[in-house]
Amino acid sequence: GACCSYRLRNALHPLWQSPLTIPGGTRQSPINIQWRDSVYDPVLKPLKISYDPATCLHIWNNGYSFLVEFDDSADRSIIVGGPLENQYRLKQFHFHWGAINEWGSEHTVDSKFYPAELHLVHWNAVVYPTFEEAVMEGDGLAVIGVFLKDTVIEFDVFDPSCLLPPCPDYWTYAGSLTTPPLTESVTWIIKKQPIEVDENQLEAFRMLLFTSDGEEEKRMVDNFRPLQPLMNRTVRSSFQ
Ligand SMILES: CC[C@H](C)CCC(=O)Nc1ccc(S(N)(=O)=O)cc1
Ligand SMILES: [Zn+2]
């Protein structure tokens with residue numbers, strides 16, 4: 001059946017060599033978003049995003065992706081509204097991409113992959129004292145997912161606001177981190193409209209390495225987790 005093929009795919013995927021399925025996981029990510037099965041929820045508010053570019057700290061390669069990290073010691077770059085009960089602080093953003101433009105995103109829409117997906121990771125500093133604690137709690141994190149598609153536009157990596165598409169429409173569902181520790185702590189907010197980046201930008205991602213100096217070079221590509229079963233979840237949409 002579908003579920004065992006998921007387990008098989010998780011087990012075989014190069015990035016997930018070790019058994020990285022959460023035993024008994026019921027809200028794993030990523031998932032395929034079937035547009036016609038998503039349910040418009042009029043109670044969902046618009047997502048309010050206010051980022052201060054001055055909170056951008058540094059960029060580094062953590063072996064899975066490259067992260068642009070932000071100063072989250074105060075409520076300077078935050079999101080509020082949408083499906084969220086509290087405001088959440090921006091901690092970092094990173095991307096997932098493929099070796100070619102045919103795949104690379106973690107979530108899919110009607111089984112369509114995008115060449116890459118941006119994740120803006122936020123944590124609930126209203127309820128939890130540290131990010132590390134929020135990572136372990138069901139309402140600890142909120143990640144905005146933005147699909148990247150291929151065209152000719154440059155983007156300024158350090159102002160995260162310009163990485164967001166103008167269209168306010170999004171889907172939302174209860175999910176998990178897509179890399180270890182895979183904790184089921186993420187309220188996913190997936191923007192309906194992709195942002196456009198040019199081929200050179202995608203090629204630049206593919207030049208990055210999984211390995212560090214001295215190791216045999218492995219290009220950092222296909223750093224996306226296989227799709228996970230929807231199980232007993234409904235994806236809500238903020239639009240009709
Ligand atoms: C001990 C836990 C550690 C502190 C967690 C470090 C962390 O931030 N992990 C993380 C963040 C985001 C994603 S994703 N791809 O957006 O779902 C995946 C993994
Ligand atoms: Zn991610």
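**Exercise 1.** Which helix and strands each supply at least two residues of the lining of the largest pocket?

*Solution.* Step 1: note the basis. This is a predicted model, in which local features need pLDDT of at least 70, side-chain atom pairs count only at pLDDT 80 or more, and totals for chains, interfaces and linings use all residues. Residues are numbered from 1 along each chain as its sequence is written, chains are lettered from A and ligands numbered from 1 in the order in which they are written, and side-chain values use heavy atoms, with hydrogens and water left out.

Step 1: Helices (H or I, at least four residues) and strands (E, at least two) are DSSP runs, numbered from the N terminus. On a 1 Å grid over the protein atoms alone, a pocket is an open set of points where a 1.4 Å probe fits, with protein on both sides within 12 Å along at least five of seven lines; lining residues have an atom within 4 Å of a point.

Step 2: list the elements. They are S5, S7, S9, helix H2 (131-134) and S10. S7 gives the largest share of this lining, 4 residues.

Step 3: Among the 26 lining residues, Gln 92, His 94, Leu 177, Thr 179 and Pro 180 are the closest to it.

**Exercise 2.** Which residues of H3 are buried, and against which strands do the buried residues pack?

*Solution.* Step 1: apply the cut-offs. Buried means under 20% relative accessible area, exposed over 50%, partly exposed in between (1.4 Å probe, protein chains only).

Step 1: pick out the residues. In H3, Gln 201, Leu 202, Phe 205 and Arg 206 are buried. They lie on the same side of H3, because they cover an arc of only 145 degrees around the axis, taken from the directions from the helix axis to the C-beta atoms. Asn 200 and Met 207, on the other side of H3, are exposed.

Step 2: find the partners. The buried residues of H3 pack against S5, S7, S9, S10 and S13, where contact means heavy atoms within 4.5 Å.

**Exercise 3.** Where is Pro 30 placed, and is Pro 30 buried or exposed?

*Solution.* Step 1: locate the residue. Pro 30 belongs to the loop between helix H1 (2-12) and strand S1 (32-33).

Step 1: read the area. With a relative accessible area of 0%, Pro 30 is buried.

Step 2: look along the chain. Glu 106 is 76 residues from Pro 30 in sequence, yet their C-alpha atoms are 5.6 Å apart in space. Not counting residues up to four places away in sequence, Pro 30 touches several others, including Glu 106, His 107 and Tyr 173.
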